[in-house]
Amino acid sequence: DMHGSLRRLYLLMLMFAAIGFVSYFWIKGPKPALSFALGAVGSFGNLWLFVWLTRAIAPGDRPRKAWKAGLFVMRYGVLLLLGYVIVKALNVNGLAVILGLFVSTAAVLASLPLEIVECLLKNGSSH
């Protein structure tokens with residue numbers, strides 16, 4: 001079920017973002033923790049935009065718009081610009097922002113084994 005997988009992915013992102021924020025706050029202080037959190041928000045926005053654009057440009061009965069396909073590619077530039085603005089505005093080391101931007105990647109990597117196990121359990125119980 002795609003909706004269940006996406007829900008799990010967003011929950012994993014929230015979990016990784018919370019762990020990263022608390023870790024940065026504990027070790028480095030509030031400014032780097034805020035930088036990590038802003039990067040994680042950018043990561044969340046990037047994943048949300050990816051899901052929305054994928055649905056918008058997928059084949060189907062509804063008309064597709066060319067600007068949505070262009071936005072699909074431009075989102076990486078926006079993500080890099082967001083990271084740059086966060087680093088310059090808060091005057092922090094970019095590592096916290098970059099790690100925050102990778103929250104969705106960590107969530108995807110963590111969800112893969114969960115998806116495999118879930119699939120195996122479903123197929124194993126149907127036989």
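By how many helical turns are Trp48 and Trp52 separated in helix H2? The two residues are about one helical turn apart, because they are 4 residues from each other in helix H2 (residues 30-57); helices are DSSP runs of H or I with at least four residues, numbered from the N terminus.

This is a predicted model, in which local features need pLDDT of at least 70 and side-chain atom pairs count only at pLDDT 80 or more, while totals for chains, interfaces and linings use all residues. Residues are numbered from 1 along each chain as its sequence is written, and side-chain values use heavy atoms, leaving out hydrogens and water.

**Aromatic pairing**
- The structure contains 4 aromatic pairs (centres of Phe, Tyr or six-membered Trp rings within 6.5 Å).
- One of them, Trp48 with Trp52, is stacked, at 6.3 Å centre to centre and 10° between the planes (stacked means planes under 30 degrees apart).
- Trp48 is partly exposed at 46% relative accessible area, and Trp52 is partly exposed at 33% (buried is under 20%, exposed over 50%, partly exposed in between, with a 1.4 Å probe and protein chains only).

**Surface**
- A nonpolar surface patch is formed by Phe21, Val22, Phe25, Trp26 and Ile27, with about 610 Å² of accessible area together (Shrake-Rupley method, 1.4 Å probe).
- Patch members have over 30% relative accessible area and no salt bridge, with nonpolar side chains joined within 5 Å and like charges within 9 Å; a salt bridge places a Lys or Arg side-chain nitrogen within 4 Å of an Asp or Glu carboxyl oxygen.
- Trp26 belongs to helix H1 (residues 2-27) and is exposed, at 74% relative accessible area.

**Interior**
- Ser35, in helix H2, is buried at 0% relative accessibility.
- Beyond its neighbours within four places in sequence, Ser35 is in contact with Ile86, Leu90, Val92, Ala96 and Val97 (heavy atoms within 4.5 Å).

Conventions: Phe/Tyr/Trp six-rings, centres within 6.5 Å; stacked < 30°, edge-to-face > 60°.
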